[in-house]
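I opened this entry to keep track of what I looked up in the structure, in the sequence and model shown here.

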Amino acid sequence: MAGARKWMGLLMVALSFSLALVPLASASSEASSGGQFSIGAVAPEVTSITFYNANRSSTVTVAIPQNEYWIDVGISDANSIDDISNITVYLYYTTNSSSQGTLPANVSPSDFVILKYVRTAYSGQPGTWAFYYSNGTKIGTSFGTWEIVNQSDPTDWGATTGTFSVEIVVGKTAHEANDGIVAGDWEVQVNAVDNEGLSGSNSAYGYTVDWYGEIWVTTDFTFGTVKPGTLNNPINSTSSGHAGYLDVYVVSNGNYDINVKTNATWVGADTKASLTVVNSTTTLGLKQIRIKINSTDNATAAMVLSTSSYENWLVDQTGPTEDGSASSGQGAHHYAYLWLDVGTGVPVDSYTGEVYFQVINA
Ligand SMILES: [Ca+2]
Ligand SMILES: [Ca+2]
Ligand SMILES: [Ca+2]
């Protein structure tokens with residue numbers, strides 16, 4: 001019996017001990033520890049640079065000034081593309097078309113254009129594109145005759161890759177390149193920077209820009225009232241408000257020639273008398289006239305205007321010119337002094353004709 005009591009006593013102790021441990025046994029079946037890790041900043045990569053025509057139907061490597069083109073920049077960032085703070089696209093001319101060159105010192109509409117896209121990282125929102133000066137100062141959405149006209153942005157900012165696109169109008173004076181005469185090319189460099197200041201870049205070269213030219217000339221002029229049988233009658237007045245010469249403005253992205261010609265006949269307003277325009281230095285006969293041109297006020301060295309087709313007047317003028325609009329008096333300014341030689345037998349009347357100017361690729 002003493003043995004039974006002893007077991008009973010042990011059982012009671014064990015029972016009370018296990019009852020006392022019930023709440024404690026529940027707490028120890030689970031435990032937790034505060035964890036932590038950091039994602040390191042990973043630099044963005046510029047994975048592609050692609051140029052498209054305006055309707056995105058094809059990729060292009062040749063630009064025609066004043067046409068619109070899309071520039072697509074492919075970006076990847078392992079932190080997500082929402083980490084991207086800015087993207088800079090450098091477009092610039094170099095004289096060597098068979099190698100990648102270096103960035104020019106300063107922007108200019110003819111040789112170096114900077115497009116920059118700026119956004120707030122981790123905003124889930126797109127940024128905006130603008131032209132910038134080399135020193136980082138913002139210019140706006142036009143630079144000379146270059147323009148930013150559209151943009152397209154990623155829609156999933158949580159993704160690790162995305163395409164950032166900007167549509168531009170190429171400026172009138174974007175340096176002619178790779179025409180077989182001028183050896184240069186256009187190059188592109190793209191630099192992407194993320195929220196941590198890490199960056200990635202990419203580049204390409206060998207792009208072509210076609211020749212561009214536009215010309216404007218004083219719209220009206222008169223030799224005044226002149227006598228038959230006289231030579232070297234200068235311009236008496238013009239719609240540009242001065243005598244002597246016509247203003248000729250050219251905007252071009254490369255070297256150019258200016259060609260000239262006039263009508264084969266100039267016609268009287270009342271008599272309808274037709275005067276034959278002579279394209280030589282021969283002595284003028286009945287109802288004949290001759291018109292001469294020079295870039296300086298020197299009639300004896302002047303060139304006789306052609307009547308059949310355009311002929312070179314100014315050859316291999318150096319471009320690119322100043323950017324702008326020829327009709328606004330921007331670009332290169334040339335002076336067209338004109339003189340009228342008159343034969344005999346010319347009825348009294350007011351005679352009119354046209355002098356034509358043409359700018360062509362040189
Ligand atoms: Ca990053
Ligand atoms: Ca080059
Ligand atoms: Ca050329």
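**Backbone exceptions**

I began with K287, which I found in the loop between β20 (274–277) and β21 (288–294), where helices (H or I, at least four residues) and strands (E, at least two) are DSSP runs numbered from the N terminus. This is a predicted model, in which local features need pLDDT of at least 70 and side-chain atom pairs count only at pLDDT 80 or more, while totals for chains, interfaces and linings use all residues. Residues are numbered from 1 along each chain as its sequence is written, and chains are lettered from A and ligands numbered from 1 in the order in which they are written.

I looked up the backbone of K287 and noted a positive phi of about 50°, although K287 is not a glycine. Most residues other than glycine have a negative phi, and most peptide bonds are trans.

I located Q66 in the loop between β2 (62–63) and β3 (68–76), and with 15 C-beta neighbours inside 10 Å, Q66 counts as partly exposed.

Which two residues does a cis peptide bond join? I found G319 and P320, with omega at about -5°, and I placed P320 in the loop between β23 (311–317) and β24 (332–342).

**Sheets**

I traced an open sheet of 5 strands in the order β1-β3-β10-β9-β8, with antiparallel pairing; two strands pair if DSSP finds at least two bridges between them. Its edge strands are β1 (45–53) and β8 (142–143), each of which pairs on one side only. Within this sheet I followed β9 (residues 146–152) to β10 (residues 161–169), an antiparallel pair joined by 5 bridges, and noted that I148 stands opposite I168 in β10.

I also traced an open sheet of 7 strands, ordered β2-β12-β11-β4-β5-β6-β7, with mixed pairing. At its edges stand β2 and β7 (138–140), each with a single partner strand, so one side of each is left without a neighbour in the sheet. Here β4 (residues 84–94) and β11 (residues 185–194) run antiparallel and are joined by 10 bridges, with V190 in β11 as the bridge partner of V89.

**Domains and the whole chain**

I took the domain bounds, which come from an automatic or database domain assignment, as domain 1 (45–209) and domain 2 (213–361). Their C-alpha centres lie 44 Å apart. I noted 13 residues of domain 1 in contact with 7 residues of domain 2, two residues being in contact if their C-beta atoms, placed from the backbone, lie within 7 Å.

The C-alpha trace spans about 165 × 40 × 35 Å along its principal axes, and buried residues make up 31% of the 362 residues.

Conventions:
A residue is buried if 20 or more other C-beta atoms lie within 10 Å of its own, exposed if 12 or fewer, and partly exposed in between; C-beta atoms are placed from the backbone.
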